[in-house]
Amino acid sequence: MTGQQLLRVPMPKPFSLVAREGRLYVSDTAINRIHVFDFARRRYFQMGYRLEGQLTEVRGIGVDGQGVVYAVDRGGSRIVKYDQFGLYLGEIAIGVETVRPSGVAVEASGERIYVVDTGGVDSSNHRVVAYAADGAQVAMAGDRGAGSGQFNLPVDAAMGPDGLLYVLDTGNFRVQVFDRDLNFVRSWGEVGNGFGQFARPRSIAVDKDGVVFVSDAQFANVQLFNPAGELLMALGKRGGEPGELELVAGVAVDERNNLYVADQRQHKIEVFDRLSEQEGRQVLAAHRQGLGR
């Protein structure tokens, strides 16, 4: 056999998503590359396989206001920076401060980069580390625990339009909110199978209006909250049809409030348009009625 061997599926294991200015970036942990869907130009290409920008164990991705893409390369203990076309721009070494880096969130200015360290069963380093644009560490929050500002297997983070950092604290089944210096602000969430509760939260995103989106692999859906943690609605259900989900992972929201959800079992990205306020109330009422509430 000669020539390039084709993948069994074009997107084997989508993990983290970020969307900006008509482009959707998808990290794929099976092939350690980033899929790029350029909708405006009707193009598709990949990032993270060339020279010094080659990714060895990709995890979370983020993007700043200038379109610079930041990728967690766990295997290389670094954050790799690319331009919007996938050209390598530089990197930030994170090996000293992190054990199992998973997520990354970036201020629009690019001045601060927040890395989520999931830690592990035998580690107390369950935390978030903030870096300046030049790679210097400027702040750190957390150790393992259930108190305010502590974490248990955090996996993802997202910047809000209010300048606050929203961290998905998976093992504590909650969202924690911090200021830019990683001072604790507030939190919400608990374990359970009801609305506003979490069972297996996977990813978090915040839109330009401050709506917080949290995907949950157990529920096969995405729950929407206001910045105070009040549930707005739940979106999605289990199944294999368009608009249905099985094993959700990353979520992202673009400037037009389009929601993107990764489904690892079906090897796809679902795209949802935002409902009006009235439509959202109707959907939430229908869900509550179905639960006997």
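Colleague: Is Arg41 buried, exposed or partly exposed?

Modeller: Arg41 is partly exposed, with a relative accessible area of 48%, where buried means under 20% relative accessible area, exposed over 50% and partly exposed in between (1.4 Å probe, protein chains only). This is a predicted model, in which local features need pLDDT of at least 70 and side-chain atom pairs count only at pLDDT 80 or more, while totals for chains, interfaces and linings use all residues. Residues are numbered from 1 along each chain as its sequence is written, and side-chain values use heavy atoms, with hydrogens and water left out.

Colleague: Which residue does Arg41 meet in a salt bridge?

Modeller: The side chain of Arg41 meets that of Asp38, at 3.5 Å from N to O; a salt bridge is a side-chain nitrogen of Lys or Arg within 4 Å of a carboxyl oxygen of Asp or Glu. Asp38 counts as buried, at 3% relative accessibility.

Colleague: How many salt bridges are there in the whole structure?

Modeller: A search of the whole structure finds 15 salt bridges, and one of them joins Arg78 to Glu91, with the closest N and O atoms 2.7 Å apart. That pair links distant parts of the chain, since Arg78 lies in strand β7 and Glu91 in strand β8 (residues 88–93), 13 residues apart; strands (E, at least two residues) are DSSP runs, numbered from the N terminus.

Colleague: Arg78 and Glu91, then: is Arg78 buried or exposed, and what about Glu91?

Modeller: Arg78 counts as buried at 10% relative accessibility, whereas Glu91, at 39%, counts as partly exposed.

How values were computed. Helix = DSSP H or I, 4+ residues; strand = E, 2+ residues; numbered from the N terminus.
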